[in-house]
Amino acid sequence: MFVTITFPDGSERRYESGVTGAEIAASIGPRLAKAAVAVKLNGVPTDLSRAVTQDGTVEIVTEDSEEGRHVLRHSAAHVMAQAVLDLYEGAKFAIGPPITDGFYYDFQVEHPFTPEDLDRIEARMAAIVAEDQPFERDELSVPEALEVFSDQPFKTEIIESVDEQEGAGGSEVSVYRNHAFVDLCRGPHVPSTKRLKAVKLMRSAGAYWRGDENREQLQRIYGTAWENKAALAAYLERLEEAEKRDHRKLGQELELYSFPSELGSGLAVWHPKGGLLRTIIEDYSRRTHLAHEYEIVATPHVAKADLWQQSGHLDFYAEGMYPGMVLDDSTEYRMKPMNCPFHILIFRSRSRSYRELPLRLFELGTVYRYERSGVIHGLMRARGFTQDDSHIFCEEKDIAAELQNLLDFTLMVLRDFGFTEFEADLSTKDPEKYIGSDELWDKAEDALRLALETADLPYDVAEGEGAFYGPKIDVHVRDAIGRRWQLSTLQVDFAQPENFDLLYATDHNTRERPVMIHRALMGSIERFVGILIEHFAGALPAWLAPIQATIVPVADRHIDYASEVADRLRAESLRIEVDSADDTVGEKIRRAITQKHPAVLVVGDTDIAEGTAGLRLRGEDERRGVKVDEVAATLADMCRLPR
RNA sequence: GCCGGGGUAGCUCAGUCGGUAGAGCGACGCACUCGUAAUGCGUAGGUCACGGGUUCGAUUCCCGUCUCCGGCUCCA
């Protein structure tokens with residue numbers, strides 16, 4: 001008996017029936033055999049040891065592919081659980097999946113793990129790896145499995161839920177054994193523990209069983225695993241790089257902002273350079289909105305609780321709001337968590353005609369949200385922040401055009417700030433929880449989808465993830481080190497126009513309800529600054545840099561000339577600083593570079609004589625003796641606003 | 001909010017097995033007047049997060065609060 005195997009390149013080979021993935025890999029080449037960790041049979045990931053008895057396609061999964069690392073990490077999670085169960089008597093283990101860049105496993109143990117515990121566990125894992133224990137697959141019936149895991153309540157719960165899904169009786173679960181350790185698992189796994197050549201435990205943390213905060217809190221250990229030590233080292237270096245970019249650290253080093261504990265958690269103060277950066281961004285935002293037919297409004301930070309009642313916030317969002325302030329004996333006020341009700345009141349302040357639609361009200365609106373203390377993270381998740389917020393009131397028939405227009409505008413803005421890679425999520429109707437007609441939802445979803453397709457934006461559909469009042473698009477960007485950040489959100493809203501009974505007069509003088517689009521492009525100015533800082537590692541594009549050039553006089557006698565050059569450059573609207581401190585030239589250059597200034601000028605005797613300066617642009621070599629007019633032209637060009 | 005770990009000079013950190021503390025950088029002063037990533041010397045600077053308890057004595061041990069970090073949950 002023979003089987004015919006088709007490979008990814010289309011070639012075919014015949015093997016004796018019962019051949020294993022490992023043997024197939026070996027038949028192709030010894031290096032492939034060595035790198036193989038699993039095999040995909042007809043697209044299904046499978047152990048290398050599994051016998052192949054039917055014709056089909058085979059793809060060898062190697063340890064240096066994403067899928068291969070997935071297998072490594074899954075196996076590493078097993079070995080970690082094995083080590084923990086060896087070392088901690090009575091430990092219960094829950095689930096341990098591979099994740100991006102690593103794996104974790106959740107345990108219930110008497111005491112939370114300390115860093116020393118992690119060292120012990122890592123050492124035990126190394127011993128298990130050295131023992132070269134083979135992973136063996138076994139299939140058990142549900143009752144058998146329940147017997148094997150009788151003292152493991154979490155495993156029991158998983159098996160029982162498998163049973164429910166598959167229907168009682170007859171269903172099987174697979175388990176993997178290595179040595180005395182056995183775990184419930186779909187697989188596949190590496191052939192043996194010795195394939196785990198580069199594993200490191202990273203940290204421990206609390207985590208709720210099944211992600212439910214009402215259930216047991218377990219102790220999770222995170223680890224990472226790679227195909228070799230070099231890949232592990234590269235990963236750790238990447239983490240370090242990300243740490244260097246941390247906007248909280250850079251914000252302090254570059255004197256942009258701080259979070260004084262006296263203010264309370266999640267509240268930032270902006271220092272002069274950060275204030276300038278914000279202003280540059282806000283000016284850009286106002287300018288571009290005005291150029292795109294938005295109208296700028298301004299609204300207060302508090303409003304009567306009645307308003308939040310009418311908008312539905314007190315019913316649906318109360319725990320995210322700061323508590324009320326009762327004034328004049330009876331009237332309660334609340335800080336605003338959103339700007340929409342104010343913009344709605346502006347819309348409703350007089351009767352509106354179809355001729356004024358779409359009406360686009362824009363505000364850099366500061367809102368306050370009482371985020372749970374554990375979620376606050378620098379500027380990324382704060383309790384007070386400013387949204388570049390707009391509410392667009394339009395006729396139902398115009399939704400599609402307006403959304404397309406809006407998505408183009410969004411991408412233009414993000415590109416202006418140096419982002420080049422975009423992805424989107426389209427969140428659709430939750431069939432359990434929504435208001436408005438199906439017809440309207442379908443229309444809005446189609447309009448959003450069309451806008452995404454017209455903009456040629458790759459997107460995922462998040463089925464049922466829309467808010468109860470309408471579907472939405474979230475736009476994500478990729479930063480310089482590949483991380484994904486959600487920035488813009490475009491949300492169709494059927495509820496608020498209803499809540500506030502908004503109407504406009506049509507061309508037949510009938511009354512219709514407008515549709516509202518709720519959108520923020522940068523999301524929040526604070527968060528946006530944080531993402532920019534991390535994206536550029538603090539080295540902001542010249543047009544955003546609070547200081548665009550530093551002038552370094554070589555000696556005190558050159559200070560006057562430095563000031564003249566500074567004035568000449570300031571006449572070009574450049575932001576210039578003269579560093580006249582009593583330090584060496586080298587020290588001043590170093591400071592300017594460390595502070596990520598886009599340009600450094602050095603002026604000395606020869607420059608005074610010739611009307612020149614030494615020019616050193618970020619990332620380039622110095623050029624001496626550049627005419628000041630040329631410096632001005634170069635810098636003005638480099639610092640030009642995107643629009 | 002939950003679990004774990006922190007909070008010592010402006011910053012980064014060391015230290016005190018309970019007897020009120022130290023470095024580097026920064027700041028300030030003096031000398032140097034310097035040509036592309038740290039000139040030298042000196043000086044000042046701390047209620048050891050805050051409140052309470054134990055103790056002859058607490059920065060150190062205990063409790064509480066605030067706050068930060070890493071996760072979990074959450075992110076309309």
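**View 1. Helix H18 gives the most to the surface near RNA strand B, with six residues.** This is a predicted model, where local features need pLDDT of at least 70, side-chain atom pairs count only at pLDDT 80 or more, and totals for chains, interfaces and linings use all residues. Residues are numbered from 1 along each chain as written, chains are lettered from A and ligands numbered from 1 in the order written, and side-chain values use heavy atoms, leaving out hydrogens and water. "Near" here means a heavy atom within 4 Å. By class, we get 16 nonpolar, 18 polar and 17 charged residues (nonpolar: Ala, Val, Leu, Ile, Met, Phe, Trp, Tyr, Cys and Pro; charged: Asp, Glu, Lys and Arg; polar: the others, Gly among them).

**View 2. Side chains meet bases and phosphate of RNA strand B.** Look for Arg 369, with a side-chain N or O atom 2.2 Å from a base nitrogen. Asp 607 puts a polar side-chain atom 2.7 Å from a base nitrogen, while Arg 624 has a side-chain N or O atom 2.6 Å from a phosphate oxygen. Among the elements giving two or more residues to this surface are helix H19 (605–610) and strand S36 (622–627) (helices are DSSP runs of H or I, at least four residues; strands are E, at least two; both numbered from the N terminus).

**View 3. Val 175 sits in strand S12 (residues 172–178).** Val 175 is buried, at 0% relative accessible area (buried is under 20%, with a 1.4 Å probe and protein chains only). Leaving aside residues up to four places away in sequence, its contacts include Phe 149, Val 182 and Leu 184 (contact: heavy atoms within 4.5 Å).

Notes
Polar contact = N/O pair within 3.5 Å; in protein donor to acceptor, adjacent residues only side chain to side chain. Buried < 20%, exposed > 50% of the residue type's maximum accessible area, 1.4 Å probe, protein only.
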